[in-house]
Amino acid sequence: MKVVVQRSKKSKVTINNKVNGSIDKGYVLLVGFTHDDTKEIIDKMINKILNLRIFEDENEKMNLSIKDINGSILSISQFTLYADCKKGNRPSFINAMKPDEACTLYDYFNKELSKHIEVQKGIFGADMKVEIYNDGPVTIILDSDILFKN
């Protein structure tokens, strides 16, 4: 599982010219799954996301979590996080989980995450237009292979 975390001041996702989700201060999460991802990995990733301290405190030090600032999350499915560009110039997506399985895990991710914080989201597999007002800019890449697997 890969998640790109972008600290945001205001962001939204539009599908077919209609806003499907929008947030003020919080995170935009670009979320991708690979073949061996599980609910256990998702649970660990949720914990990492909720406790990641990348918002500034009163001393302008990145020391506060999204929970500390009462932020929101805009969650966007993004299979292209598993693009393999080693050969040629056209990416291969062989490392991305099959859509039906990934959709199930993406739904689980958002459902579990929303137990702790407000979550807005795009629609899995849709053509989405995402506007991200990246704050900082601060962008963190979380990769379960690096974080949780031995």
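Here is a short walk through the structure above, from a hairpin to a helix pair and then to some backbone details.

This is a predicted model, in which local features need pLDDT of at least 70, side-chain atom pairs count only at pLDDT 80 or more, and totals for chains, interfaces and linings use all residues. Residues are numbered from 1 along each chain as its sequence is written, and side-chain values use heavy atoms, with hydrogens and water left out.

Let's start with strand 1 (residues 2-15) and strand 2 (residues 18-23), which pair in the antiparallel sense over 5 bridges. Strands (E, at least two residues) and helices (H or I, at least four) are DSSP runs numbered from the N terminus, and two strands pair if DSSP finds at least two bridges between them. Across this pairing, S11 stands opposite I23 in strand 2. The hairpin has 2 residues between its strands, and N16 takes a positive phi near 55° there.

V5 is buried, at a relative accessible area of 0%; buried means under 20% relative accessible area, exposed over 50%, and partly exposed in between (1.4 Å probe, protein chains only). Beyond its neighbours within four places in sequence, V5 is in contact (heavy atoms within 4.5 Å) with Y27, V28, L29, L52, I54, V138, T139, I140 and L142. As for V28, its C-alpha atom is 6.0 Å from that of V5, although the two residues are 23 apart along the chain.

Next, the helices. Helix 1 (residues 39-51) packs against helix 2 (residues 99-113) at an angle of about 40°, with the axes 10 Å apart. Axes are lines fitted to C-alpha atoms, for helices over the stretch in contact, and angles run from 0 to 180 degrees between N-to-C directions. The two helices are therefore oblique to each other, because angles under 35 degrees count as roughly parallel, over 145 as roughly antiparallel, 65 to 115 as roughly perpendicular and the rest as oblique. Residues meeting at this contact include I42 and I46 from helix 1, and Y108 and F109 from helix 2.

Finally, some backbone details. Most residues other than glycine have a negative phi, and most peptide bonds are trans. E60, in the loop between strand 4 (55-56) and strand 5 (62-64), has a positive phi of about 60° and is exposed at 64% relative accessibility. N70, in the loop between strand 5 and strand 6 (72-77), has a phi near 55° and is exposed at 70%. The peptide bond from G136 to P137 is cis, with omega near -5°, and P137 lies in strand 8 (residues 128-143).
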